[in-house]
Amino acid sequence: MAEVGFTNVRIAEFAWALMEPAEGKFDFDWLRRAVERLHKHQISVILGTPSAAPPPWLTARYPDIVEVNAQGQRLHPGGRRFTCPTNATYRRLSLAIATEMARSFAQAPGVIGWQIDNELTLGSSPRCYCDFCKAGFQAWLRTKYKSLENLNQILGTVFWSQTYTDFSQIPVPLPSGGDPNPGLALDYDRYQSFANTSVVDDQLGVLRKLCSSHFVTTNNVGLPLDTIDLRSLYEKLDFVSFDNYPGFFEMLIHQGSKSRNLPPETIPTAVGLGHDFARSIKGPKPFLIMEEQVGKAGQSSFSPQPEKGKVRLWTYQAIAHGAMGVNYFRWDTATFGAEEYWHGMLNHDRSKSPAFDEIKQTVKELKALGSELLNSQYPAHTALMFDYDCGWALKIQPGHYALSYVEQVTSWYGAISASRTGIDIVGPVDDLSGYQVVFAPVVYVLSESQADRIKKFVSNGGVFVTNFRLGAKTENSQMVRTPLPGLLREVMGVTVEDYVPIYSGAQGVKFSSVLSGADGECGMWADILAPSTAEVLGTYTAGQNAGRAAVTMNSFGKGKAVYIGADLTGASLSRVLQAFSAVAKVQRPLEVPPGVELTVRRSNAKDWIFLLNHTAEAQTITISKAFTDLVTGERQSEKVQLGAYGVRVLQAS
Ligand SMILES: [Zn+2]
């Protein structure tokens, strides 16, 4: 590890059975030896608390800490992440081991910080439905609604005779012969997110008290997993850390689609979205990659072998999107256990893995680039809205079985990221005033305060671009009783006359004005728009809605509000969204060909321009002024060459 140049490692995150071999009997000698040996070689340590993997003595003695899934079946010990977030015994014992670790390592030379638990957003079942969670949910509802009368009225429990006369009667959404009350189901998602966050907060409290000089974080995989509201989860933590496995995602997407032909931009775009989200959760603020893929990764199947140059490219992609550091997963490849297939920097026979020298080179380069870059900001003039409430509410009632909020957000991100400008991922309560354009797909749940923020943003000169189902539900999960788009009708300058899920029969869109170009295809949904003050930029082409407005743009105050009523797919979505980036006058720093990603980081008046070639072919980029490549020291003028999976970090010279 010292030979590679590593500055820190993360260890112990699943080692509960070694650290507490029997209840209340702790043994940290082995861990102390490891920390001391690492410190001797100038390698700092991030310690993981082990609550994601309780040992067999614990589950044998306290079997009710094990989670109950959405079908009402209790899981079994033997894997990981099988615990109930509400269970008081699990939480007490998780806190006890974290406290003993904190006491033992608070003053240990070399220990710099903590990772609480491990990948809370992952798990075979993302929600627990046990009796402890039911009681926890009932208490949470009591705090939220204050009285049963209020709860019954807001959630409309009179429907199907569900009026509750005692909080203890309120169920969790287990199979019950019919769909659950959607408002209660949305509250259950919010409760489960809260319960997981409070597990982290428990451990954070003790780490802050005992280890005040250490940083504290937790690692997750973010979008497209939306099981826990990461904005709340990270609120009190020092920074966001994320795990990044592009090759593993590729395998999962293949498995899901059964297709061998993924569009080439699929993986780099999904990874870019993950990084932009990580940077945006607390901030924007630099984040840490806690685990970066170094080889074939997988449990029962291997992901693709990263081609030469890809691990370096993935490392730079993280830095290019705002990471302040990258840790690789893992060092050794295990010859036993569920992750025998998860390849590290050393092979099973402890020879060097194919990416070993590449990582060594990358570590050297990043050290030379320096800490000013790693801690610099990431300027973004574009924002993409992502709201957990919309995602959860649409999972409960998608409206069209094929409508997925996360897929909409992902395809909008893909469409706008192709324009090579910085994008922040913002939430419903974030300040929008620093952006020129805000893209907000399927804002199905809209609160009054969010509507006010959007109104102010447009009024002050921003461009707000949204689409179908806008403002259909209140934050209490009731359908709005005003004509759609409800609270934003005046801002958008349209009324939704009807909303049409599309099953058989094709629908299309004919564009005009700033959108003039090829007709678009409309996928699963069409909001039929009646403009009051908005200009029509697209009309439907088929059936009884032919000629009716599909896309509109309204001037409101100093800004513009765009309503895309049609579910535009593929190339037309990309073309239309990029046209509105142009309306908002978002500048591109350089023109780059498809397959090449461009990002900028900034500190004071200094810019670092990253060019990342995600293709296996060499690429040439034309530049109008001279740059220095900070990795090679070469001066670049007129043209920059990028080899297969190549990277350039440029600064004006
Ligand atoms: Zn539970």
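Colleague: What should I know before I start reading?

Modeller: This is a predicted model, in which local features need pLDDT of at least 70 and side-chain atom pairs count only at pLDDT 80 or more, while totals for chains, interfaces and linings use all residues. Residues are numbered from 1 along each chain as its sequence is written, and side-chain values use heavy atoms, with hydrogens and water left out.

Colleague: In what order do the 5 strands of the open sheet stand?

Modeller: Helices (H or I, at least four residues) and strands (E, at least two) are DSSP runs numbered from the N terminus, and two strands pair if DSSP finds at least two bridges between them. Here the order is S20-S21-S26-S23-S24, with antiparallel pairing. Strand S20 (596-603) and strand S24 (635-636) stand at the edges with a single partner strand each, so one side of each is left without a neighbour in the sheet. Strand S23 (residues 627-629) pairs with S24 over 2 bridges in the antiparallel sense, and Phe-627 has Gln-636 as its bridge partner in S24.

Colleague: Which helix lies across S20, S21 and S26?

Modeller: That is helix H11 (residues 310-320), which runs at about 145° to strand S21 (606-613). For such angles, axes are lines fitted to C-alpha atoms, for helices over the stretch in contact (heavy atoms within 4.5 Å), and the angles run from 0 to 180 degrees between N-to-C directions.

Colleague: Is strand S15 largely enclosed or open?

Modeller: The word to settle is "buried", which means under 20% relative accessible area, whereas exposed means over 50% and partly exposed lies in between (1.4 Å probe, protein chains only). In strand S15 (residues 520-531), 9 of the 12 residues are buried, so the strand is largely enclosed by the rest of the structure. S15 pairs in the antiparallel sense with strand S13 (residues 494-501) over 7 bridges, with strand S14 (residues 507-511) over 3 bridges, and with S19 over 2 bridges. Individual pairs to look for are Thr-495 with Ala-530, Val-509 with Gly-520, and Cys-522 with Leu-568.

Colleague: What does Ala-566 touch, leaving aside residues up to four places away in sequence?

Modeller: Ala-566, in strand S19 (residues 566-568), touches Phe-468, Val-509, Cys-522, Trp-525, Tyr-540 and Ala-550. At 2% relative accessibility, Ala-566 counts as buried. Ala-566 and Glu-521 are 45 residues apart in sequence, yet 8.6 Å apart in space, C-alpha to C-alpha.

Colleague: Which residues lie nearest the centre of the second largest pocket?

Modeller: They are Pro-180, Asn-181, Pro-182, Ala-185 and Ile-396, out of 37 lining residues, and about 930 Å³ of space lies in this pocket. H7 gives the most to the lining of the second largest pocket, with 5 residues.

Colleague: Where are the cis peptide bonds joining Phe-329 to Arg-330 and Leu-484 to Pro-485?

Modeller: In a cis bond, look at omega, which is near 0° from Phe-329 to Arg-330 and about 5° between Leu-484 and Pro-485. Arg-330 is in the loop between strand S8 (323-329) and helix H12 (356-369), and Pro-485 lies in the loop between strand S12 (463-467) and helix H17 (489-492).

Colleague: Is Ser-513 buried or partly exposed?

Modeller: Ser-513 counts as partly exposed, at 40% relative accessibility, and lies in the loop between S14 and S15. The phi of Ser-513 is near 55°, a positive value in a residue other than glycine. Ala-12 also has a positive phi, near 80°, but Ala-12 is buried, with a relative accessible area of 9%.

Note on methods
1 Å grid on protein atoms, 1.4 Å probe; cavity = no way out; pocket = protein on both sides within 12 Å on 5 of 7 lines; lining within 4 Å. Points joined across faces, edges and corners; volume = space filled by probe spheres on them.
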